[in-house]
Every structure is written in structure tokens, then in C-alpha cells.
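Try each task before you read its solution.

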Amino acid sequence: MQKIFEQYKDILDRAFEVMEKAYAPYSKYHVGANIENASYGLTNCAERSALFHVYSLGYRQDDIESMALVTRGNTLGSPCGACRQVMVELLKKDTPIIIAN
């Protein structure tokens with residue numbers, strides 16, 4: 001486990017920094033770059049926010065080396081169905097997804 005952490009330390013550190021900027025006034029559940037809305041259906045999860053952002057900058061599947069999903073607390077977070085669908089389309093099948101808390 002320590003070896004994996006060391007391999008992805010940089011992306012995890014950056015993900016935890018971004019998590020501090022999450023907009024989560026309703027759930028108080030900070031996950032990476034999530035952006036909540038009073039109408040839950042209009043909330044944009046961290047995974048989609050991150051992927052949409054890098055794609056808007058012109059990056060594509062071949063440019064994304066890994067993706068980190070970080071949360072606070074004792075329970076690991078897991079991508080929702082909508083995020084999983086976007087990840088399947090916008091990431092290569094062998095892109096490492098690192099989940100940490």
C-alpha cells in the first residue's frame with residue numbers, strides 16, 4: 001500500500017488541495033472538485049467537474065495518466081453512476097483511478 005501511495009503522492013496531494021475548494025454547502029461532503037446545487041440533480045460531482053475541465057483545456061484520453069478521488073472521513077468515496085459513465089467514455093480503460101481519504 002505504501003508503494004502505491006508513493007507512486008501517486010503528487011496527484012493525491014493535488015486532489016486533497018482541490019478538495020478544500022469544493023463547493024458543498026448542503027451536504028458538507030467535500031469530494032475533489034464537486035460543485036453542489038440546492039437542486040441535487042444540478043450538482044456536478046468532482047469526477048465530472050475534473051474531466052470536463054481538462055477536456056475544456058484541450059486534453060484528451062491519451063493525456064490523462066491517472067485520476068484521484070479523495071474524500072474526508074473514514075469512508076472512501078466511490079463514483080456515482082453518472083460519473084462512471086463519463087469516466088468510461090473520457091478515460092482510457094487502463095487509466096488508474098486512485099481513491100483515498
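**Exercise 1.** Is His-30 buried or exposed?

*Solution.* The model is predicted: local features need pLDDT of at least 70, side-chain atom pairs count only at pLDDT 80 or more, and totals for chains, interfaces and linings use all residues. Residues are numbered from 1 along each chain as its sequence is written, and side-chain values use heavy atoms, without hydrogens or water.

Step 1. Take the cut-offs: buried is under 20% relative accessible area, exposed is over 50%, and partly exposed is in between (1.4 Å probe, protein chains only).
Step 2. His-30 has a relative accessible area of 15%, so His-30 is buried.
Step 3. Look around His-30. Beyond four places in sequence, its contacts (heavy atoms within 4.5 Å) include Met-19, Val-70 and Arg-72. A polar atom of the His-30 side chain lies 3.4 Å from the backbone oxygen of Met-19.

**Exercise 2.** Find the salt bridge partner of Glu-20.

*Solution.* Step 1. Apply the criterion: a side-chain nitrogen of Lys or Arg within 4 Å of a carboxyl oxygen of Asp or Glu.
Step 1. The partner is Arg-72, with the closest N and O atoms 2.8 Å apart.
Step 2. Glu-20 and Arg-72 are 52 residues apart and link distant parts of the chain.
Step 3. Check accessibility. Glu-20 is partly exposed at 48%, and Arg-72 is partly exposed at 40%.

**Exercise 3.** Explain the spacing of Asp-13 and Lys-9.

*Solution.* Step 1. Their side chains form a salt bridge (2.6 Å, N to O).
Step 1. Both sit in helix α2, 4 residues apart, so about one helical turn separates Asp-13 and Lys-9. Helices are DSSP runs (H or I, at least four residues), numbered from the N terminus.

Conventions:
Polar contact = N/O pair within 3.5 Å; in protein donor to acceptor, adjacent residues only side chain to side chain. Helix = DSSP H or I, 4+ residues; strand = E, 2+ residues; numbered from the N terminus.
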